[in-house]
Amino acid sequence: MQRLQDIDIRVEGPADRLAQHGNAVPVLHEILHALRRLGETEESTTIDLRSIPFGPGDEELLLDVLGRGEVAVKLETLGASEIYETAYAGVWIVDHRNTEGERIALQIEITRVPEILLTQVADLTDSISRLENRLRTPDGVASLSNPMNGRRRDG
């Protein structure tokens, strides 16, 4: 049985109304200031787009202006996540979805590398331990011909 919240609703208006993008332009100015801070002080900034009340067409305009750059990453961790650098170096779109494909976060990160792509300390410690163990045993050295054998990311 279809529930009321399952009905796809789209609000459409005249084309000139869609031209009024109340929050896209201020967000672009915020990105510009964040880029300057990153360049001057290495300070990263995250803008949570889900907390901004966008009007019709705002998100589309913002993402269209930012465009897509050369780097894109897909993560499969508790749902699919897409991270890509925009046409402006240092400006990243981070789009997280849950296992049902519903968007749970949409952020713009102004940084050299998004935080989610950095190796976590626990993962680094685990990697050191596993590689040390492999190097201590003859079987571990033999299986090093395929470094992906035995690789775990389950923390």
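Predicted model: local features only at pLDDT ≥ 70, side-chain atom pairs only at ≥ 80, totals over all residues.
User: OK. How many bridges join β4 to β5?
Analyst: There are 7 bridges between β4 (residues 91-97) and β5 (residues 103-110), and the two run antiparallel. They make a hairpin with 5 residues between the strands. Gly 101 sits in that turn with a positive phi of about 85°.

User: Which residues of β5 stand opposite Val 94 and Trp 92?
Analyst: Val 94 faces Gln 107. Trp 92 stands opposite Glu 109. Glu 109 is also the bridge partner of Thr 46.

User: And how do β1 and β5 pair?
Analyst: Antiparallel again, over 4 bridges.

User: Zoom out. What is the strand order in the sheet?
Analyst: The order is β1-β5-β4-β3-β2, in an open sheet of 5 strands with antiparallel pairing. β1 (45-48) and β2 (72-76) are the edge strands, each pairing on one side only. On average, neighbouring strands are turned by 20° against each other, direction ignored. Axes here are lines fitted to C-alpha atoms, for helices over the stretch in contact; angles run from 0 to 180 degrees between N-to-C directions.

User: Which strands does helix α2 touch?
Analyst: α2 (residues 24-41) packs on the sheet against β1, β4 and β5. Its direction makes about 50° with that of β5. Contact means heavy atoms within 4.5 Å.

User: Where does α3 lie?
Analyst: α3 (residues 58-66) lies across β3 (80-85), β4 and β5. It runs at about 40° to β5.

User: Back to α2. How far does it reach from its first C-alpha to its last?
Analyst: α2 has 18 residues and reaches 25 Å, close to the 26 Å expected. That expected span is 1.5 Å times one less than the number of residues.

User: Which residues of α2 are buried?
Analyst: Ala 24, Val 27, Ile 31, Ala 34 and Leu 38. They cover an arc of only 75° around the axis, so they sit on the same side of α2. The arc is that of the directions from the helix axis to the C-beta atoms. Buried means under 20% relative accessible area, exposed over 50%, partly exposed in between (1.4 Å probe, protein chains only). The face turned away carries exposed Gly 39, Glu 40 and Thr 41.

User: What covers the buried residues of α2?
Analyst: The cover includes β1, α3, β4 and β5. After the helix comes Glu 42, with a positive phi near 70°.

User: What about Val 65: buried, partly exposed or exposed?
Analyst: Val 65 is partly exposed, because its relative accessible area is 34%. Leaving aside neighbours within four places in sequence, Val 65 is in contact with Leu 28 and Tyr 88. Ala 87 is 22 residues away from Val 65 in sequence, and their C-alpha atoms are 8.7 Å apart.

User: New topic. Which residues in the largest nonpolar core touch the most other members?
Analyst: Of its 16 residues, Ile 31, Leu 49, Leu 62, Ile 108 and Ile 110 do. Such a core is a set of buried Ala, Val, Leu, Ile, Met, Phe, Trp, Tyr and Cys residues joined through side-chain atoms within 4.5 Å. α2, α3, β4 and β5 each give two or more residues. α2 gives the most, with 5 residues.

User: What does Ile 108 touch?
Analyst: Beyond four places in sequence, its contacts include Val 27, Ile 31, Leu 62, Leu 66 and Trp 92.

User: Last one: what pattern does the chain follow?
Analyst: Along the sequence it reads α-α-β-α-β-β-β-β-α-α. Of the 155 residues, 24% count as buried.

Definitions and conventions
Residues numbered from 1 in each chain as written. Heavy atoms only, no water. Pairing = 2+ DSSP bridges.
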